[in-house]
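These are my notebook entries on one structure, written down as I looked things up.

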Amino acid sequence: MAAAGDSAKQPLLHRVYPPSIASASSPALPTAPAGPPAGGRRFPGGLDVPNLKKRGGGTRSWIRVEASTASVQTLEIDKATMMRRCELPARDLRLLDPLFVYPSTVLGRERAIVVNLEQIRCVITADEVLLLNSLDSYVLQYAAELQRRLLQRAEGDELPFEFRALELALEAACSFLDAQAAELEIEAYPLLDELTSKISTLNLERVRRLKSRLVALTRRVQKVRDEIEQLMDDDGDMAEMYLTEKKMRMESSVFGDQSLLGYNSAGAAGTSVSAPVSPVSSPTESRKLEKAFSLCRSRHDSVKGSDNTTTEHIQELEMLLEAYFVVIDSSLNKLTSLKEYIDDTEDFINIQLDNVRNQLIQFELLLTTATFVVAIFGVVAGIFGMNFETTVFKIQNAFQWVLVITGVVGAFIFCSFLWFFKYKRLMPL
């Protein structure tokens, strides 16, 4: 019994395959592979994670337009380098990724402006524009037009480089959307007029497709309009986009800090003499302090002047945005009018269909009334055709009189129905 208990306590594998038998006569049990399978796939039928990482963070082709020389060149830059170059987070560059579909967005950051307006996806800095390379003609036209405007810059044009690049992006997006709205408008009105004159399945299908395109285009135009309006309503966002002023302010602050450090180092060198400072040398120290205070005062005045300049440029940017807001709002009004015209056409068609349906119902009721009148004559003929005698049969010309009375009653009922249908409008429209 003790041996039986010990055997019961042993694992099932040892009971089925004892160690001596398993090592001598039985085949070895299958074991799991030590490492991941070749090719980088951890699970059968799973995703190829390394390739996905390469697609998300691989190099992309960018078109670079330099502000100073107006030169255009193509660069191959990966995402990490782009983030370090423009000091942008990954979520901002994700807006420019062609693998994702994001609505139109304009973001102002510390050293760059992220622009995603229809086909134009670019990063604007104070010194350059990095445009995501594409086979779209609008992208190439944008780069060529920006280069031309930089080369042919007017003498009185003091608009910063980033505002000029943003203006061109807004112009390209608004022109593209306005062209699509005009094309849709030219196509829609004749089709709707044809549908009102001839209601057919083909025309209804064409109008359905047209309405789907209209809804999608209206959504895109509305998003661009809302983005421009949001920028105009927020002075902080517009001030954040003035990259040239921030760059100049940063350079002046660095130069002031270096000058102040130079004064401090000179003072430290002057006071490092082993001899004690005499009262005669105190004017030199006071002069150094005056220079330091004057430097701080000049920096403060420069900051105040830069704030005034920033306010002026905010007004310039607001006027620029307002001009393109008027353009995109006009396109939205076109699409809204077209949508209202389509709704009116649908209402007119529904009224026509209701009218035809009412006419069919009215004709069915007339047929029912006529059938009832004829059925009365059939009842009279059946009564007189029965095989039994009544006092009515003995009256002279009784059958003729009954037919006349039945005809008068049937005509009265039929005319009453016609009168009610025509004048009283019993049938709802």
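Entry 1: Helices (H or I, at least four residues) and strands (E, at least two) are DSSP runs, numbered from the N terminus, and two strands pair if DSSP finds at least two bridges between them. Strand 1 also pairs with strand 6 (residues 128-132), again in the antiparallel sense, over five bridges.

Is strand 1 enclosed or open? Five of the seven residues of strand 1 (residues 60-66) are buried, so the strand is largely enclosed by the rest of the structure. Here buried means under 20% relative accessible area, exposed means over 50%, and partly exposed is in between (1.4 Å probe, protein chains only).

**Entry 2: how I read the model.** Residues are numbered from 1 along each chain as its sequence is written, and side-chain values use heavy atoms, with hydrogens and water left out. Because this is a predicted model, local features need pLDDT of at least 70 and side-chain atom pairs count only at pLDDT 80 or more, whereas totals for chains, interfaces and linings use all residues.

**Entry 3: two positive phi angles.** Strand 1 and strand 2 form a hairpin with five residues between them, and A70 is found in the loop between these strands. I noted that A70 has a positive phi of about 60° although it is not a glycine, and that A70 counts as buried at 3% relative accessibility. E87, also a residue other than glycine, has a positive phi near 55°. E87 sits in the loop between helix 5 (79-86) and helix 6 (90-94), and it is partly exposed, with a relative accessible area of 46%.

Entry 4: Which residues does I113 touch, not counting residues up to four places away in sequence? I113, which is in strand 4 (residues 113-117), touches V106, L107, C122, V123, I124, E162, M241 and L243, where a contact means heavy atoms within 4.5 Å. I113 counts as buried at 0% relative accessibility. The C-alpha atoms of I113 and V129 are separated by 9.5 Å, and the two residues are 16 residues apart along the chain.

D97 lies in the loop between helix 6 and strand 3 (105-108). D97 is buried, with a relative accessible area of 7%, and it touches R60 and R121, again leaving out residues up to four places away in sequence.

**Entry 5: helix 9.** Helix 9 (residues 201-233) has 33 residues and reaches 47 Å from its first C-alpha to its last. This is close to the 48 Å expected at 1.5 Å a residue, the expected span being 1.5 Å times one less than the number of residues. I listed buried residues in helix 9, among them V207, L210, L214, L217, V221 and V224. An α-helix has 3.6 residues a turn, so residues three or four places apart point the same way.

Entry 6: A search of the whole structure finds four aromatic pairs. One of them joins F100 and Y102, which are tilted, at 6.0 Å centre to centre with 45° between the planes. Rings of Phe, Tyr and Trp (its six-membered ring) pair if their centres lie within 6.5 Å; planes under 30 degrees apart count as stacked, over 60 as edge-to-face and the rest as tilted. F100 counts as partly exposed at 37% relative accessibility, and Y102 counts as partly exposed at 30%.

How many disulfides does the structure hold? I found zero, taking a disulfide as a pair of cysteine sulfur atoms within 2.5 Å. I also looked up two cysteines: C122 is buried at 0% relative accessible area, and C174 counts as buried at 2%.

**Entry 7: the whole chain and its confidence.** The secondary structure of the protein chain comes to 14 helices and six strands, and buried residues make up 27% of its 429 residues. The chain averages a pLDDT of 75, and 65% of the residues score at least 70; pLDDT is the predictor's confidence in each residue, from 0 to 100. Over residues 266-283 the pLDDT is below 50, and beyond near neighbours in sequence this stretch has three contacts in the model.
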